[in-house]
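Thanks for coming, everyone. I'll walk you through one protein today. Please bring it up on the screen.

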Amino acid sequence: MRIQSPSMSELHAFVAAARTGSFTRAAEQLCVTQGAISRAVARLESHYNQTLIRRNAHGLELTSSGRDLLASVEGPLAQIEGASAELRRGPGPRELVLSTVPTLASVWLMPRLPDFARRHPDVRLKFVPYRKDEDFSGATPHAAILPGAGPTQWPRWDCTYLIGKQMVPVCHADRARTARWRTPAELMRAPLLYHTTAPGNWTEWLRLAGVKAPRPNLASGFDQVSILIQAAMTDMGVALVQRCLIGDAVASGRLQMPFDLPISLSRGYYLCAPGHRSPSPALLAFRDWLVETAQAA
């Protein structure tokens, strides 16, 4: 039987160029030259006698044939890569490379990780620096725990919700005793601290708390939840934060919740992995453990 398929290197070059939208970024991802990517795509187009990628002012654009090819080969290529990596790894611990938002890692994840290590001694976790703009364009991380809206924000990724949608207001105990707020609406008179990536959280939370046409008095904003929590501890104002991150601070008296309402917002923490890669056994084990642990929290 005559083989109809092109070479693997040409398919890898095409998929990388299609996913990154750039021959240069595809070359960086595959550790080859830009010319090698361009020539591989040209050979692929010659093989099929069709144009697959067009260059324009904004980068690369797939033709309809290119989109069809990408949809057909992206998943199988990832499966072949995963199987090859497992075979080359051989016996011994399986490595899982992860990235996670720092505050969740230090406050919630790390105290629980010994349980995962006891259950899965064959999996070796490796954490790499967290990137707010993670796009999984490189070989690692294999997965990342990210804050966001899940599949609606990242439709091409496999996203599993973990924890963090339930939000609560917190402040210094002295502020709560002095203010003696009786309703959530009265919080709008206080300086409200917020996360800079989600300044609308206060408006949404107040609305769900029954406040009509809320107009929150936003004061200082912070780009890290850990700093936002610290600002509330130093009595800069009232912060709106994830319930899962302030349990110890409330129990110790460093923070107080003026209103303990079961209000969940749209954003949370998700375990995300690129949809074009088949999850490894190590990633599946970690995902199942994370979901179980989050549900028990």
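**Around Leu193**

Let's start with Leu193. Setting aside residues up to four places away in sequence, Leu193 touches Trp202, Ala219, Ser220, Phe222, Leu228, Ala231, Ala232, Met236, Gly237, Val238, Ala239 and Leu240. Touching, or contact, means heavy atoms within 4.5 Å.

A quick word on the source. This is a predicted model, where local features need pLDDT of at least 70 and side-chain atom pairs count only at pLDDT 80 or more, while totals for chains, interfaces and linings use all residues. Residues are numbered from 1 along each chain as its sequence is written, and side-chain values use heavy atoms, with hydrogens and water left out.

Back to Leu193. You'll find Leu193 in strand 8, residues 192-195. Helices (H or I, at least four residues) and strands (E, at least two) are DSSP runs, numbered from the N terminus. Is Leu193 buried or exposed? Leu193 is buried, with a relative accessible area of 0%. Buried means under 20% relative accessible area, exposed over 50%, and partly exposed in between, using a 1.4 Å probe and protein chains only. Now compare a position 47 residues away along the chain, Leu146: its C-alpha atom and that of Leu193 are separated by 21 Å.

Helix 9 covers residues 225-233, and its buried residues are Val225, Leu228, Ile229, Ala231, Ala232 and Met233. Just after helix 9 comes Asp235, with a positive phi of about 65°.

**Domains and cores**

Now step back. How is the protein divided? There is domain 1 (8-89), domain 2 (94-164 + 268-296) and domain 3 (166-264). Those bounds come from an automatic or database domain assignment. The centres of domain 2 and domain 3, taken over C-alpha atoms, are separated by 27 Å. Eight residues from domain 2 and eight residues from domain 3 make the contact.

Next, the cores. A nonpolar core is a set of buried Ala, Val, Leu, Ile, Met, Phe, Trp, Tyr and Cys residues joined through side-chain atoms within 4.5 Å. The largest one has 39 residues, and the members touching the most others are Leu104, Trp108, Tyr269, Phe286 and Leu290. Domain 2 and domain 3 each give this core at least three residues. Apart from it lies another core, of 20 residues, including Phe14, Ala26, Ala27 and Leu62. In soluble globular proteins, nonpolar side chains tend to be buried together.

Take Leu290. Beyond its neighbours within four places in sequence, Leu290 is in contact with Trp108, Leu109, Ile145, Leu162 and Leu271. Then Thr100, in strand 3, residues 94-100. Thr100 counts as buried because its relative accessibility is 8%. Not counting residues up to four places away in sequence, Thr100 touches Ala105, Leu109, Phe127, Tyr130 and Ile145.

Ser5 sits in the segment before helix 1. At 47% relative accessibility, Ser5 counts as partly exposed. Ser5 and Ser72 lie 67 residues apart in sequence, and 12 Å apart in space, C-alpha to C-alpha.

How do helix 1 and helix 2 cross? The axes of helix 1 (residues 8-20) and helix 2 (residues 23-30) come within 8 Å, at roughly 125°. Axes are lines fitted to C-alpha atoms, for helices over the stretch in contact, and angles run from 0 to 180 degrees between N-to-C directions. That makes helix 1 oblique to helix 2. Angles under 35 degrees count as roughly parallel, over 145 as roughly antiparallel, 65 to 115 as roughly perpendicular, and the rest as oblique.

Helix 2 also packs with helix 3 (residues 34-48), at about 105° and with the axes 8 Å apart. Helix 2 and helix 3 are therefore roughly perpendicular to each other. Phe23, Thr24, Ala26, Ala27 and Leu30 of helix 2 meet Gln34, Ile37, Ser38 and Val41 of helix 3.

**Two loop residues**

Last stop. Most residues other than glycine have a negative phi, and most peptide bonds are trans. Cys31 is not a glycine, yet has a positive phi of about 60°. Cys31 lies in the loop between helix 2 and helix 3, and is exposed at 70% relative accessible area. Asn49, also not a glycine, has a positive phi of about 55°. Look for Asn49 in the loop between helix 3 and strand 1 (53-56). Asn49 is exposed, with a relative accessible area of 71%.
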